[in-house]
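User: I would like a close look at one part of this model, and then an account of how that part sits within the rest of the chain.

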Amino acid sequence: MSKELSSNDKEIIQSSIRTIPDFPKPGIMFKDITTLLNNPTALNKLTEHLKERYSSYGLDYIAGIESRGFIFGAMLADRLGIGFVPIRKKGKLPYTTVAQKYALEYGFDEVEIHIDAFKEGSKVLLVDDLIATGGTAKAAVELIEQVGAECVECCFVMELTFLNGKDDIKAPVYSVLEID
Ligand code: AMP
C-alpha cells in the first residue's frame with residue numbers, strides 16, 4: 001500500500017496552483033499549473049508522491065495527454081525508469097497513428113497515438129493535469145487499448161469532482177487533488 005499524501009503536502013501543492021477566472025472563455029475557472037511548475041518544493045512533493053504510489057504497479061510505460069500531461073507524465077516516467085508515450089491532438093504525430101474522436105461542449109476533437117507505441121500487453125499509466133468532463137481521458141484510454149496495451153490507472157493532478165468525469169472511464173482513476 002502506498003503512503004497517502006499528508007494534508008500539509010496536499011496544501012503545499014494546492015496552494016501552488018492558481019485559478020484564473022473566465023479563461024479561455026467566460027465561466028471557466030482555469031487551473032494554471034505554471035505556478036506549480038516553477039515552485040520546486042511543490043513540484044518535488046508531487047512527483048515524489050506519485051513515484052512512491054506507482055513504483056509498485058509494475059508499469060511498463062506512462063502515456064501523457066498533450067500538452068500538460070507531457071510535463072507531469074515525462075517527469076514521472078523518468079523517476080520510475082520507464083518509457084513515455086505522447087497522446088497528441090490530430091495531425092501532430094509523424095508515424096502511422098490510431099485516432100479517437102470525442103465530443104466537446106460544441107463540436108468534436110480528436111487525439112492520436114502511434115500504432116507501435118507499446119509492446120503488446122504492456123501496463124500503462126495515463127497521466128494528465130486535470131480531469132473535467134472526462135472526454136479526453138476516455139478517448140485516451142480507448143487509444144491505449146486499441147494499440148494492444150492495458151491502461152491500469154488514470155492519474156490526474158486535479159479532478160473537478162462536480163463534473164463526474166471519471167464515471168465514464170473504464171480504468172481506475174486517481175486524482176491528487178479533488179476540487180468541488
Ligand atoms: P475534459 O476532457 O473535459 O476532462 O478536459 C480535460 C482537458 O482539458 C485536460 O487536458 C485539461 O488540461 C483541460 N481542462 C479542462 N478544464 C480545465 C480547467 N478548468 N483548467 C485547466 N485545464 C482544463
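In which loop is Asp 22 found? Please describe that stretch carefully, and then go on to the surroundings of the ligand.

Analyst: This is a predicted model, and what follows should be read with that in mind. Asp 22 is found in the loop between S1 and S2, where S1 is the strand covering 18–21 and S2 is the strand covering 29–32. Although Asp 22 is not a glycine, this residue has a positive phi, of about 60 degrees. The loop between S1 and S2 also holds Pro 24, and the peptide bond that leads from Phe 23 to Pro 24 is cis, with omega near -5 degrees. As background, most residues other than glycine have a negative phi, and most peptide bonds are trans. A further cis peptide bond is found between Glu 66 and Ser 67, with omega at about -10 degrees, and Ser 67 has its place in the loop that runs between strand S3 (61–65) and helix H4 (68–80).

By class, the shell is made up of five nonpolar, four polar and four charged residues. Of the 13 residues around the ligand, those that come nearest are Asp 128, Asp 129, Thr 133, Gly 134 and Thr 136.

Taken alone the ligand exposes 490 Å², of which the protein buries 81%, and the ligand sits in the largest pocket.

As for the chain as a whole, its secondary structure comes to five helices and nine strands, and from the N terminus on the elements run α-β-β-α-α-β-α-β-β-β-β-α-β-β. The C-alpha atoms fill a box of roughly 45 × 40 × 30 Å along the principal axes. Because a compact globule with 180 residues would have a radius of gyration near 16 Å, the value of 16 Å for this chain agrees with that expectation.

Methods
Residues numbered from 1 in each chain as written. Predicted model: local features only at pLDDT ≥ 70, side-chain atom pairs only at ≥ 80, totals over all residues. Heavy atoms only, no water. Near = heavy atom within 4 Å. Areas by Shrake-Rupley, 256 points an atom, 1.4 Å probe, with all protein chains shown as cover. 1 Å grid on protein atoms, 1.4 Å probe; cavity = no way out; pocket = protein on both sides within 12 Å on 5 of 7 lines; lining within 4 Å. Sits in = over half its atoms within 2 Å of the grid points. Helix = DSSP H or I, 4+ residues; strand = E, 2+ residues; numbered from the N terminus. Nonpolar A, V, L, I, M, F, W, Y, C, P; charged D, E, K, R; others polar. Rg over C-alpha atoms; globule rule 2.2 N^0.38 Å.
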